[in-house]
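Please keep the sequence and the structure in view while reading.

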Amino acid sequence: MKLARPDVFHPRIVLAGCPALPEGDGDDAGLVAALGKRGLHARWLSWDDPATLQADLVILRATWDYAERLDEFLGWTERVRNLLNPPNVVRWNTDKRYLADLADAGVPIVPSRFFAPGATVRLPKHAEVAEIVVKPAVGAGSVDTLRFSDRDDARRHAAKLQASGRTVLVQPYDPRIEEGETALVFVAGVQSHAFAKGPILRGSGDAPEFDESGTYAEETLCPVEPDFELWDIGHQALAAVAANLDTVTEELLYARVDIIGGRDDPRVLEVELVEPSLGWAQLDADTRERQQRAFALGVESALDRLGLGPLSHRRP
């Protein structure tokens, strides 16, 4: 007697890169295998590949050219069948004006001021802040992010950004960043792991060094065990994100909260919900396997939530 073929649905999953990095930068190399161990079949594609529109689920991982193609990218996020993180999260997080929302919620951030095209850019006085950072409010990989001690040079860079139609973000340069940033990684709303990032910005007005793909600035990374006070700030930031977007932290498949400073006065520099590097390579093999399994379980939970679980298409 022939046994009936199991009527199990296998969702088509895509990990999204970009044309310069269609399979990411290598840090996520273990995710396809981790998903495979849960019976989930995934492949890499550049986000602008038409085949992504046929996928049941797309997971953003290395879409690092979105800033230059923002309207096209945001339109695409609405056309794919299902996206992680979701389109409303992506739209909010691609513009660093989200930092104002976090500040309003009481999250301690690096002081940030925004100036739309045509607005007069007001810089902190040199007596108050020795150096300042000027960058676009929409940007990835530290492209066009520079630090200045000369106010005239800073104004010229801000004017150049505004002339190209971009809103400018001005922040004081916090010298504690020379000690590096702490990147706190969350998977499905749960504290996962952390790593340290060395300073990217070089001397006044000097652009950072970029990867050969040109999509992101080179970083020096290493594992780290943050104080619990930093994790508290990370959880606070994630809760503020969820409240602002009317969701729950568990529905954010991945999040990275970048913090400068130590336990006495930690400040959130960025909350990355679109395409952050998750620093898997900084983990030892056992920890990496365990945390990538948590990532796969988060994907599994999202599929169930979206009605794409293994029995979701079973015929009666």
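## Terms and overall make-up

A residue is called buried if its relative accessible area is under 20%, exposed if it is over 50%, and partly exposed in between, with a 1.4 Å probe and only the protein chains taken into account. Helices (H or I, at least four residues) and strands (E, at least two) are DSSP runs, numbered from the N terminus. The model is a predicted one, in which local features need pLDDT of at least 70 and side-chain atom pairs count only at pLDDT 80 or more, while totals for chains, interfaces and linings use all residues. Residues are numbered from 1 along each chain as its sequence is written, and side-chain values use heavy atoms, with hydrogens and water left out.

The protein chain contains seven helices and 13 strands, and of its 316 residues, 52% count as buried. Where contact means heavy atoms within 4.5 Å, 71% of the contacts between residues at least 6 apart in sequence join residues at least 24 apart. The accessible surface comes to about 14,800 Å², and 50% of this belongs to carbon and sulfur atoms; such areas come from the Shrake-Rupley method with a 1.4 Å probe, and for residues only the protein chains shown count as cover.

Strand β12 (residues 254-260) is largely enclosed by the rest of the structure, because seven of its seven residues are buried. Tyr254, Arg256, Asp258 and Ile260 point one way from β12, whereas Ala255, Val257 and Ile259 point the other way.

Two strands are said to pair if DSSP finds at least two bridges between them. Strand β9 (residues 181-187) runs antiparallel to β12 and is joined to it by six bridges, with Phe186 standing opposite Ala255. Strand β13 (residues 267-272) also pairs with β12 in the antiparallel sense, over five bridges, and here Ile260 stands opposite Arg267. β12 and β13 form a hairpin with six residues between them, and in the turn Gly261 has a positive phi of about 90°.

## Strand β6

In β6 (132-136), five of the five residues are buried, and the strand is mostly covered. Ile132, Val134 and Pro136 point one way from β6, and Val133 and Lys135 point the other way.

β6 pairs with β7 in the antiparallel sense over three bridges, and five bridges join β6 to β8, which also run antiparallel.

The expected span of a helix is 1.5 Å times one less than its number of residues. For the 13 residues of helix α5 (residues 151-163) this gives 18 Å, which agrees with the 18 Å between its end C-alpha atoms. Arg151, Ala154, His157, Ala158, Leu161 and Gln162 are buried in α5. Seen down the helix axis, the buried residues of α5 fall within an arc of 140°, so they line one face of the helix; the arc is that of the directions from the helix axis to the C-beta atoms. These buried residues pack against β5, β6, β7 and β8, while Arg156, Lys160 and Ala163, on the other side of α5, are exposed.

Helix α7 (residues 285-305) has 21 residues and reaches 30 Å from its first C-alpha to its last, close to the 30 Å expected. Its buried residues include Thr287, Phe295, Val299 and Leu303. α7 is followed by Gly307, whose phi is positive, near 75°.

## Residues in loops

Lys96 lies in the loop between α3 and α4 and is buried, with a relative accessible area of 7%. Not counting residues up to four places away in sequence, Lys96 touches Phe114, Pro136, Ala137, Gly139, Leu169 and Glu270.

Asp65, in the loop between β3 and α2, is buried too, with a relative accessible area of 11%; leaving aside its neighbours within four places in sequence, Asp65 is in contact with Cys18, Pro19 and Trp47. Gly26, in the loop between β1 and α1, is partly exposed, with a relative accessible area of 45%. The C-alpha atoms of Gly26 and Ala281 are separated by 8.7 Å, although these residues are 255 residues apart along the chain.
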